[in-house]
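This briefing goes through one protein chain by topic. Please keep the sequence and the structure in view while reading.

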Amino acid sequence: MIKKSALYGLCLMTMFIWLWLQVRQKPQTEFFSYMPIIAPASEQIMFEIVASGFVPPLTVITNAGDERLLVGEQRGVVHVLSADWVRQEEPFLDIRALVGNGFGQGILGLAFDPDYEQNRYVYVHYVDQKGVSRIVRFVTIEEPWQVDMSSAMDVLSIPHLDSVGSHYGGPLRFGPNDGYLYIAVGDGGFLVEGNRAQDLSLLWGKVLRLDVSGAEPYEIPIDNPYVGVDGARPEIWSLGLRNPWSMSFDGESGDLYIGDVGEEFFDEINYQEGSSEGGDNYGWRCYQGDEPYDLDKCEPDEIYRAPVYSFAHRAACNEVLVVGPVYEGVLYPERKGRLLFAEMCTGKFYWLIETVGGWLSRETGQLSIAPTVMGSDVRGEVYVGGVLSEHLYLFRR
């Protein structure tokens, strides 16, 4: 009898091979509602390999406010790179013995506390071998710079009914305006029926907002939208998401962008203003993109917020959209404040642009690695990693 873990690994390998074939074919993407504009040659992003030898797929690229860069592999290892991209001999974190190896499991998110220089706290989201999402706080030590495993404190655990592995979401971000921890959680998996993303008694299919600066493991911010609402989980900040694989804040405005991987038809980018009081409902599984999907058990008077950007899947290429950072670097000063995003299947990169008439995309480069994650260094320059490459790439002019 084939073990489940072996079956999952076979499925994952099959997916990677399929993605590689799709990238080699370089299919043209079909967009829903929004037409891409190809940037002039002078504005095209160039890519430079700055480090190699990683085990893909990569799921974390971030920094702690200094020149070092953190690069995380989904299998459970996070590496440290110096300012000149030399890898530290000892990993920052190695939890391969703890993480699951099912599809979508492993390390999915990492975020440094806003007061990291004082408390040395780092938060990690990983999916364990039982298919449970775990948000864990660690304390770091300096020589070598790495996590002290004995310092682990469980912040939050979310069991998923579909232990085969799928819609875990993953990213962790601290809000630039409020210092709270935001956690993107998937709807629980494709093998479980029900409209869980619309159910306020469940954490699945939501963005959560926690105050981790006070009592342990966390407190509920008093202005969370469902505090005091009968039957609702007070951790919930927004709802109606399927598999929010990527999420980014604008460091200046506090605006939030969420990349949600869709079902058969659309992937989408959802948006929330920095001034929002929460409670936004992004529609899943009542809606997918701008179109109705399954209106059973959906409230007729509920206000569903449409995505600012969505595109249609092709029959030969079921896209995965990856939201990157809001650009804050110096190489592309004219693009400062714009969101970067990419398509895993085609390897194409885009700027998301807000105009008077709405939102549009501008195609700005292509890299055949099936991108899975983008992140920034302390200067705001952008790096990318993927499924089909051992390399870490830097965006260059």
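A residue counts as buried when its relative accessible area is under 20%, as exposed when over 50%, and as partly exposed in between. The model is a predicted one.

**The chain overall**

- The protein chain has 397 residues, and 57% of them are buried.
- Its secondary structure comes to two helices and 28 strands.
- Of the contacts between residues at least 6 apart in sequence, 58% join residues at least 24 apart.
- The chain exposes about 16600 Å², and 53% of that area is supplied by carbon and sulfur atoms.

**A four-stranded sheet**

- Four strands form an open sheet in the order S4-S5-S6-S7, and their pairing is antiparallel.
- Strand S4 (58-62) and strand S7 (93-94) are at the edges with a single partner strand each, so one side of each has no neighbour in the sheet.
- Strands of a sheet pair through backbone hydrogen bonds, in a parallel or an antiparallel sense.
- Four bridges connect S4 with strand S5 (residues 69-73) in the antiparallel sense; in one of these strands, S5, Gly72 is the bridge partner of Val60.
- S5 and S6 run antiparallel and are joined by five bridges, and Leu69 has Leu81 as its bridge partner in S6.
- The hairpin of S5 and S6 has three residues between the strands, and Gly76 in this hairpin takes a positive phi near 125 degrees.
- Two bridges pair S6 with S7, again in the antiparallel sense; here Val78 stands opposite Leu93 in S7.

**The largest cavity**

- A search of the whole structure finds two cavities of 30 Å³ or more.
- The largest cavity holds about 70 Å³ of space.
- Its lining has 13 residues, and those nearest its centre are Asp260, Glu268, Trp284, Tyr287 and Gln288.
- Strand S18 (266-272) and strand S19 (287-288) each supply at least two residues of this lining.
- By class, the lining of the largest cavity has five nonpolar, four polar and four charged residues.
- Trp284, which is part of this lining, is joined to Arg285 by a cis peptide bond with omega of about 5 degrees.
- Arg285 lies in the loop between S18 and S19.

**The second largest cavity**

- The second largest cavity holds about 40 Å³ of space.
- Which residues line the second largest cavity? They are Glu67, Arg68, Leu69, Ser82, Ala83, Trp85, Asp377, Arg379 and Tyr383.
- By class, four of the lining residues are nonpolar, one is polar and four are charged.
- Trp85 has a positive phi of about 70 degrees although it is not a glycine.
- With a relative accessible area of 22%, Trp85 is partly exposed.

**Other backbone features**

- The peptide bond from Glu143 to Pro144 is cis, and its omega is near -10 degrees.
- Pro144 is located in the loop between strand S10 (132-141) and strand S11 (146-159).
- Arg120 is not a glycine, yet it has a positive phi of about 65 degrees.
- The loop that holds Arg120 lies between helix H2 (116-119) and strand S9 (121-127).

Conventions
Residues are numbered from 1 along each chain as its sequence is written. This is a predicted model: local features need pLDDT of at least 70, side-chain atom pairs count only at pLDDT 80 or more; totals for chains, interfaces and linings use all residues. Side-chain values use heavy atoms; hydrogens and water are left out. Two strands pair if DSSP finds at least two bridges between them. Buried means under 20% relative accessible area, exposed over 50%, partly exposed in between (1.4 Å probe, protein chains only). Contact means heavy atoms within 4.5 Å. Accessible areas come from the Shrake-Rupley method with a 1.4 Å probe; for residues, only the protein chains shown count as cover. On a 1 Å grid over the protein atoms alone, a cavity is a set of points where a 1.4 Å probe fits but cannot get out, and a pocket is an open set with protein on both sides within 12 Å along at least five of seven lines; lining residues have an atom within 4 Å of a point. Grid points are joined across faces, edges and corners, and a volume is the space filled by probe spheres set on the points. Ala, Val, Leu, Ile, Met, Phe, Trp, Tyr, Cys and Pro count as nonpolar, Asp, Glu, Lys and Arg as charged, and the others, Gly among them, as polar.
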